[in-house]
Amino acid sequence: QVQLAESGGGLVQAGGSLRLSCTASGRAVSNYAMGWFRQAPGRDREFVASITWNGAFTYYTDSVKGRFTISRDNAKNTVFLQMSSLITEDTAVYYCAARLTYTTSDFDLRRPTEYDYWGQGTQVTVSS
């Protein structure tokens with residue numbers, strides 16, 4: 001079993017920055033692809049960013065390209081999401097997820113159903 005714990009959310013003004021962390025326990029995730037998703041009230045959970053096991057490939061949804069950066073530190077069993085130039089539309093609960101089986105597929109890593117473990121989420125609120 002893998003437990004994922006997100007942290008780093010909070011309230012920030014538009015234009016500001018936040019850095020989310022997702023730390024895994026119970027099992028090393030160094031061989032797993034990891035993803036960040038978000039869910040705003042009344043909306044479906046949506047893909048934000050993903051990273052392959054060694055960080056060689058990263059993928060982003062169009063709305064965050066150039067503003068968000070996903071990275072990982074396998075020695076610390078942690079994945080990060082650096083968010084800059086935040087806008088009110090980024091307000092959501094952000095979840096990290098881990099996928100057990102190997103893939104580098106952009107298509108696969110954008111789909112929530114492709115992930116095996118999920119964290120509880122951290123709230124990000126961007127005020128205008």
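**Exercise 1. Which residues do ring pairs link into a cluster in this predicted model, and how is the pair of Phe37 and Tyr115 arranged?**

Step 1. Ring pairs link Phe37, Phe47, Tyr115 and Trp118 into a cluster, and the structure as a whole, which is a predicted model, holds four aromatic pairs.

Step 2. For Phe37 and Tyr115, the centres are 5.2 Å apart and the planes stand at 80 degrees; because planes over 60 degrees apart count as edge-to-face, this pair is edge-to-face.

Step 3. Phe37 belongs to strand β4 (residues 33–39), while Tyr115 lies in the loop between α1 (106–109) and β10 (117–118), so that the pair links parts of the chain 78 residues apart.

**Exercise 2. Are Phe37 and Tyr115 buried or exposed?**

Step 1. The cut-off for buried is a relative accessible area under 20%.

Step 2. Phe37 has a value of 0% and is therefore buried, and Tyr115, with 6%, is buried as well.

**Exercise 3. With which strands does β4 pair, and in which sense?**

Step 1. Seven bridges join β4 to β9 (residues 92–99) in an antiparallel arrangement, in which Met34 stands opposite Ala98.

Step 2. β4 also pairs with β5 (residues 46–51), again antiparallel, over five bridges, and there the bridge partner of Phe37 is Phe47.

Step 3. β4 and β5 form a hairpin with six residues between them, and Gly42 in the turn has a positive phi of about 75 degrees.

Notes:
Residues are numbered from 1 along each chain as its sequence is written. This is a predicted model: local features need pLDDT of at least 70, side-chain atom pairs count only at pLDDT 80 or more; totals for chains, interfaces and linings use all residues. Side-chain values use heavy atoms; hydrogens and water are left out. Rings of Phe, Tyr and Trp (its six-membered ring) pair if their centres lie within 6.5 Å; planes under 30 degrees apart count as stacked, over 60 as edge-to-face and the rest as tilted. Helices (H or I, at least four residues) and strands (E, at least two) are DSSP runs, numbered from the N terminus. Buried means under 20% relative accessible area, exposed over 50%, partly exposed in between (1.4 Å probe, protein chains only). Two strands pair if DSSP finds at least two bridges between them.
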